[in-house]
Amino acid sequence: MRILVVEDDLEAQRYLVNGLKEAGHVVDDAADGDTGLALALSRPYDVAIIDRMLPKMDGLNVVAEMREHGNNMPILFLSALSEVDDRVKGLKAGGDDYLTKPYAFVELLARIDALMRRRSPSAVKTKLSVGDLELDLLTRTATRAGQAIDLQPREFRLLEYLMRHAGQVVTRTMLLESVWEYHFDPQTNVIDVHISRLRAKIDKGFDVLLLQTIRGAGYMIRAR
Amino acid sequence: MRGSVFRHWSPGLLRTQAFRIVLIYVFVFAVSATVLVGFTYWNTERSLDAQTDQIIEAEVTGLREQYQRLGLIALSDAINGRVAQHGSGLYLLVSPTGSVLAGNLTELPSSAKVTGRFVEFDYQRNQQGQDVTRTARGQAFFLAGGFVLLVARDVSERHLTRQLFTTTLPWSVGLMLLFGLVGGALLSRNMLTRLDAINRTSADIIAGDFSRRVPVTNAHDEFDALAENLNRMLERIERLMKGMRNVADSVAHDLRTPLNRLRNRLEEAQRRLGPQDPYMGDLEAAIAETDRLIATFNDLLLIAEADAGSARGSKARIELTTVVEDVTELYAPLAEEKNISLAAEPAGVVTIEGNRSLISQALANLVDNAIKYTPAGGQVGIVVAETPLGVDLTVADTGPGIPEEERERVLERFVRLESSRNSPGTGLGLSLVAAVARMHDARLSLGDNKPGLKATISFPRLPQRKNRSELREPPARP
């Protein structure tokens, strides 16, 4: 995948570029807003990672400008700013996701994976399936190997999110943000408890465990 | 603006300082004007009386001389002569036996029987074939030989004037009061409009819009001077607030950048080492410590931001009940795992003005704490209750609670109880809740749940929508 990194902190940029390259991506970098915008408009990238505060042209303006030019490349904002509403501003300017520095690299990887996946949406699905686990989005029912699974509404949303990102690492923060719409980390890791409950419902009694914990990163649902 | 014109003719008008001042002035003015006019009238009447009296005295002196020099016949001739002149003079000469000898009065009025003193009396006069009662002022004199001479002047005109005066004076005073009140109301309304503009602006600024300014008119009056001064002050406050925000942003940026590099490098080293390396554990611990540092920093920043003013997080009308349900649902499995019953008491629709994310975070902190400190088998309850003052959001647990003497202290910034020093979390949970409460004009209080802790966030009563919209209109800016 081709990724554009626009970051003025060269140390952070080097790290980001190296990490992404190690993860198998092709990366271009820019250290200011002008260069970043020029690159974004001239080459097709699968995703762009843009710092909010950039010399020459602010990150918000870069994205706004890109959107004005009809460029709908998925964009992840990186920000070292403090404001509570900062995320909202970033998303309003046309960003697709928002990550506050300092971040864990796995978090960043998981998020750009999700962003790149989002770019190629197949036709609207009414059914999601991973292995023999099936989720009917219309009737809001789940079955595993034909057996009905009784899910609470939130559990359904949690499973739906995991299944939409099947084969991808999904972090705890991503789950909190998308399933609970919370943008803070609870002191105690409540997500783990929710996951283990869900796991008990979908994997208990089956040989193949679909819902896996990825150590140090998050969770993944996959049929292997 | 049209609506507001009518709004100013409300009972509220009577409570304005301007109207009260005008009322006092009108009253004082009415009293002093009445006294002044009354005194002037009284003085004029007195001097007119004195003038009449002098004329009468002069006449009497003349008539007396006539009588002394030429006798009774000459006196009656002189009197009849004067009567024939058809002046305003009234005369009467009475013999010692009481019979009228000369003059244009028919009898001696009873009040005039006492001599040596000016008196006023009524008499009848034939006017155009009709007898009319008129008023006169005069004095009776004894002449040698027992004759009585009465000389008087008709003062009916003056009496009429006096009557007119005494009947018109109350009306005038009434009208004066009425005009004063109307003028006062107009003046107060004008002042109220100007003050309202200032109040509206202040309300907007309190609500967080620091860009608002008090409108300045072209009148160049004291209100404009006040408005200009207020605007200068606001300019300064806005500059300070912006400065503070810049500092917060700079601090955030300048600390996050090196923290980011630190974490990046640790992660990079972790990637290079590979899972079997003996230093892996140290690196993981270092990363965990960095994350704790970041979490503490984020909490501190959020507390500082919440305290910096409500301008930071945007507020909206939110359903407190939904917030409670969501947080309860988030923590339910954790509580169940610890064998603690977590329940939110059902409440109706309770709306408050606030930032959903921050209030959720505050509530999550309280619930998190409650679950953390409540032993297995205990209970954690969340209650939303409407009180006369507003809305109370309470989280009560059956844990060890906080000793009464420590409760105030734990709400101070960054204080962590000795007993909780080694438990996970940044220890800023309650400080953060308190800061979020302050940001919402709410108050966090800790109480005894007997046993356990009862933490309550008391939100103020939601301003009525109507008032709110009144505060907001007109959207005029300077």
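## Close-up views of a two-chain predicted model

**Figure 1. B:V436 and its contacts from elsewhere in the chain.** Setting aside neighbours up to four places away in sequence, B:V436 makes contact with B:A306, B:L358, B:I359 and B:A362. As with every view here, please keep in mind that this is a predicted model.

**Figure 2. The largest nonpolar core and a second one.** Welcome to the largest nonpolar core, which holds 76 residues. The members that touch the most other members are B:Y331, B:A362, B:L363, B:V367, B:V433 and B:V436. Helix α8 of chain B, spanning residues 356–373, is the top contributor to this core, with ten residues. A separate second core has 33 residues, including A:V6, A:L60, A:V62 and A:I75. As a general reminder, nonpolar side chains tend to be buried together in soluble globular proteins.

**Figure 3. Helix α3 of chain A and its buried side.** Which residues of helix α3 (residues 59–68) of chain A are buried? They are A:G59, A:L60, A:V62, A:V63 and A:M66. These residues lie on the same side of α3(A), because they cover an arc of only 165° around the axis. The packing partners of the buried residues of α3(A) are both strands and helices of chain A: β1 (2–6), β3 (47–51) and β4 (75–79), together with α2 (33–42) and α4 (86–92). After α3(A) comes A:G70, which has a positive phi, near 75°.

**Figure 4. A:Q13 in helix α1 of chain A.** Here we focus on one residue, A:Q13, found in helix α1 of chain A. Is A:Q13 buried or partly exposed? A:Q13 counts as partly exposed because it has 19 C-beta neighbours inside 10 Å, whereas a buried residue needs 20 or more. Leaving out residues up to four places away in sequence, A:Q13 touches A:V5, A:E7, A:D29 and A:A31. Between A:Q13 and A:A31 the C-alpha to C-alpha distance is 8.1 Å, with a separation of 18 residues in sequence.

**Figure 5. Where chain A meets chain B.** This contact draws on 26 residues from chain A and 37 residues from chain B. On the side of chain A that touches chain B, α1 (10–22) and α8 (190–203) of chain A each provide at least two residues. The largest share of that side, four residues, belongs to α8(A). By type, the residues on this side of chain A are 14 nonpolar, five polar and seven charged.

Conventions
Residues numbered from 1 in each chain as written. Chains lettered and ligands numbered in written order. Predicted model: local features only at pLDDT ≥ 70, side-chain atom pairs only at ≥ 80, totals over all residues. Contact = placed C-beta atoms within 7 Å. Nonpolar A, V, L, I, M, F, W, Y, C, P; charged D, E, K, R; others polar. Buried ≥ 20, exposed ≤ 12 C-beta atoms within 10 Å, placed from the backbone. Arc of directions from axis to C-beta. Core = buried A, V, L, I, M, F, W, Y, C linked by C-beta atoms within 7 Å.
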